[in-house]
Amino acid sequence: MTVQMRPLTIRLCEPRGFCAGVDRAIQIVVLAIKKYGPPVYVRHEIVHNKYVVEGLKERGAVFIEELAEIPVDHADKPVVFSAHGVPKSVPADAQSRNLFYLDATCPLVSKVHKQAMRHARLGRHVVLIGHAGHPEVIGTMGQLPEGDVTLVETEADVERLAIPDDVELGFVTQTTLSVEDTAGVIRALQIRFPHIQAPAAESICYATTNRQDAVKETAPGSDLFLVVGAPNSSNSRRLVEVAEKSGAKRALLVQRASEIPWDEVGDISILGLSAGASAPEIIVDEIIEAFRARFDVKLDIVITVEERENFPVMQVLRDVELTSADMAFVNGSA
Ligand code: 0CN
Ligand code: SF4
């Protein structure tokens with residue numbers, strides 16, 4: 001006797017998953033291992049994803065948090081800085097240790113660094129909107145001398161700011177924030193400090209914006225919304241919040257199919273599904289398969305925009321060839 005499985009529509013967001021900055025950062029580590037041989041040191045998780053980090057470890061990457069962890073007799077091994085960016089003190093420290101470094105900071109994070117430096121050059125104190133303790137925030141604050149940047153996270157923080165009215169101000173933001181919440185914080189800043197200058201271009205990146213837009217489109221009416229991503233991934237966590245705010249009955253962040261709480265999933269008929277910018281597609285596939293084993297799945301791909309961004313790696317790595325297996329790992333499909 002065949003058992004009828006309950007029908008389930010999976011609304012799959014497109015775009016989702018890897019962005020151009022993540023793709024580039026992973027490529028840099030893979031190419032550096034090919035070119036220089038293992039070990040290649042990587043300062044901080046190259047992107048916030050365990051599957052990616054473990055895959056790179058198997059290929060010969062060694063993850064560290066600080067340059068001082070590199071053994072003295074390995075000073076000739078390359079060290080890669082993560083996609084999230086680093087304070088100016090880090091390349092300076094690498095230079096003083098005579099290390100060979102490859103900077104995998106996403107070009108869109110570097111753009112925010114430049115916007116912050118431009119404000120400072122024009123005599124403005126910088127207000128950074130972002131999450132305390134996040135490596136990107138540490139990196140952006142570290143572009144300027146201590147005391148030249150003030151961090152705010154919320155509208156309430158803006159109310160508490162004790163900056164005299166005659167101080168020239170400019171703001172920038174972290175690249176992976178909630179578009180809506182940030183608009184609120186910017187409004188609060190502009191009310192409190194009408195003379196505050198915006199950056200020359202939007203600091204929240206295209207990938208963050210597009211993934212949030214796609215979730216906004218698919219979340220209404222979803223019984224459950226799953227976002228593939230890590231708890232330390234800012235952009236992934238924002239997608240969970242956006243799903244909840246946009247009308248999903250419940251939204252959860254999962255790193256792998258094994259984290260799906262099946263007891264709590266219950267009798268759902270519409271599932272929303274997306275993935276953060278650091279989450280490989282292979283895990284999205286794994287999750288769809290896990291639902292196929294339990295439901296009669298109909299896949300509904302919701303395309304909100306087509307992404308064409310591609311960030312090339314640095315010149316020194318362009319002569320290295322990738323195998324098709326490397327390429328599959330780099331684009332998240334293996
Ligand atoms: O998850 P990520 O590694 O980083 P955050 O969203 O926590 O910043 O994704 C890549 C984004 C960048 C930079
Ligand atoms: Fe760059 Fe945005 Fe991707 Fe971060 S999420 S790596 S800023 S494109």
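This is a predicted model: local features need pLDDT of at least 70, side-chain atom pairs count only at pLDDT 80 or more; totals for chains, interfaces and linings use all residues.
Which residues stand around ligand 2? They are Cys19, Gly21, Val22, Cys106, Leu108, Val109, Thr175, Cys205, Tyr206 and Ala277. By kind, eight are nonpolar, two are polar and none is charged. Domain 2 (20–106 + 310–330) provides at least three of its residues, and so does domain 3 (108–192).

Turn now to the open spaces. Rolling a probe the size of a water molecule over the atoms shows where empty space is left. The largest pocket has a volume of about 470 Å³. Its lining counts 22 residues. Nearest the pocket's centre lie Arg16, Phe18, Cys19, Arg211 and Glu307. Cys19 also belongs to the residues around ligand 2.

What is the make-up of this lining, in nonpolar, polar and charged residues? Nine are nonpolar, four are polar and nine are charged. The shell of ligand 2, by contrast, has no charged residues. At least three lining residues come from domain 1 (7–17 + 206–303), and at least three from domain 2.

Ligand 1 comes next. There are 13 residues around it, and His48, Ser233, Ser234, Asn235 and Ser278 come nearest. In His84, a polar side-chain atom lies 2.8 Å from an oxygen atom of ligand 1. In His134, a side-chain N or O atom is likewise 2.8 Å from an oxygen atom of ligand 1. Ser234 uses its backbone instead: an N or O atom there lies 2.7 Å from an oxygen atom of the ligand.

Glu14 and Pro15 are joined by a cis peptide bond, with omega near 10°. Pro15 sits in the loop between β1 (7–14) and α1. Another cis bond links Pro38 to Pro39, where omega is about -5°. Pro39 lies in the loop that runs between α1 and β2 (40–43). His44 has a positive phi, near 75°, although it is not a glycine. His44 is placed in the loop between β2 and α2 (50–59).

Key. Residues are numbered from 1 along each chain as its sequence is written. Chains are lettered from A and ligands numbered from 1 in the order in which they are written. Side-chain values use heavy atoms; hydrogens and water are left out. A residue is near a molecule or strand if one of its heavy atoms lies within 4 Å of it. Ala, Val, Leu, Ile, Met, Phe, Trp, Tyr, Cys and Pro count as nonpolar, Asp, Glu, Lys and Arg as charged, and the others, Gly among them, as polar. Domain bounds come from an automatic or database domain assignment. On a 1 Å grid over the protein atoms alone, a cavity is a set of points where a 1.4 Å probe fits but cannot get out, and a pocket is an open set with protein on both sides within 12 Å along at least five of seven lines; lining residues have an atom within 4 Å of a point. Grid points are joined across faces, edges and corners, and a volume is the space filled by probe spheres set on the points. A polar contact is a pair of N or O atoms within 3.5 Å; within protein, one must be able to donate a hydrogen and the other to accept it, and residues adjacent in sequence count only if both atoms are side-chain atoms. Helices (H or I, at least four residues) and strands (E, at least two) are DSSP runs, numbered from the N terminus.
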